[in-house]
Amino acid sequence: MIKVTVWNEYWHELKDEKVKEVYPKGIHNAIKEFLSTNEDIEVTTATLHDEEGNLRADAGITDELLENTDVMLWWGHVKHGEVPDEIALKVKDAVLSGMGIIFLHSAHHSKLFKLLMGTTCNLGWRESNDKERIWILDHNHPITAGLNDRFFELEAEETYSEPFGIPEPDKLLMIGWYNGGEVFRSGAIWHRENGKVFYFQPGHETFPTFYNENVQKIITNAVRWANPACKIKLECPWIARLEEK
Ligand code: ZN
């Protein structure tokens, strides 16, 4: 079983009627729902705010949760700053030890993503209901498996635009084109020490993106891809010679 934790700041869904309508149980539960249909995936959720909108001091992330997570998904937008630095650093350490991590949409500006990338992660954006066409650059990668067409489309997404302030990905898997004219690196992977990182751009809170079957397929594939063979924390030990002089 792959133990997955879906983390969500869980704010728009509680405060904004439009978002509540699209994701009545929260984005985390919408993701949990489709991932849970897979027999090899066991899903738990963690949220920055509770059902009443109260901030959780530990951002819903405990040591025990991290120990029991193989792959974490991260959705955040306006509350990145409320995640305590020590929690972000703790999750970063878990990733370096092997925990897989999938950053969704506006998680590009989370403390955690910026820590792992080491750059601004800035980009251009516009909420204008533009259509997005996502081009698949490699059809033979585990994350794009089963997406056999050249591209797929989302009727409406938030426009994200290059330049995107990220380090060169280990591999770029997808490019998004919007009918406003912009392009964006929509699906990219990195390795950070023992951990695998995937950034996936679709998923604005006012659109039903997480109900799209291609989006669901990509996220499900990414969970399996990011699942670590083992989790090992690298130390910096003094080492004795293995061979006689
Ligand atoms: Zn957005």
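Are His105 and His204 buried or exposed? Both are buried (under 20% relative accessible area; exposed is over 50%, partly exposed in between; 1.4 Å probe, protein chains only).

This is a predicted model: local features need pLDDT of at least 70, side-chain atom pairs count only at pLDDT 80 or more, and totals for chains, interfaces and linings use all residues. Residues are numbered from 1 along each chain as its sequence is written, and side-chain values use heavy atoms, with hydrogens and water left out.

**View 1. The zinc site.** His105 (NE2), Glu158 (OE) and His204 (ND1) are the protein donors, 2.0 to 2.1 Å from the zinc ion. Donors are N, O and S atoms within 2.8 Å of the metal (3.2 Å for Na, K and Ca); water is not among the atoms, so sites may look incomplete. Their spacing along the chain is H-x52-E-x45-H. His105 sits in the loop between β4 and α6 (111-117), His204 in the loop between β11 and α7, 99 residues apart.

**View 2. The open sheet.** Nine strands run in the order β2-β1-β3-β4-β11-β10-β9-β6-β7, with mixed pairing. Helices (H or I, at least four residues) and strands (E, at least two) are DSSP runs, numbered from the N terminus. Strands pair if DSSP finds at least two bridges between them. β2 (41-47) and β7 (151-154) are the edge strands.

**View 3. Strands β1 and β3.** Five bridges join β1 (residues 2-8) to β3 (residues 71-75), and the two run parallel. Val4 stands opposite Val71 in β3.

**View 4. Helix α5 on the sheet.** Helix α5 (residues 85-96) touches β3, β4 (100-104), β10 (183-192) and β11 (195-200); contact means heavy atoms within 4.5 Å. Its direction makes about 115° with that of β11. Axes are lines fitted to C-alpha atoms, for helices over the stretch in contact, and angles run from 0 to 180 degrees between N-to-C directions.
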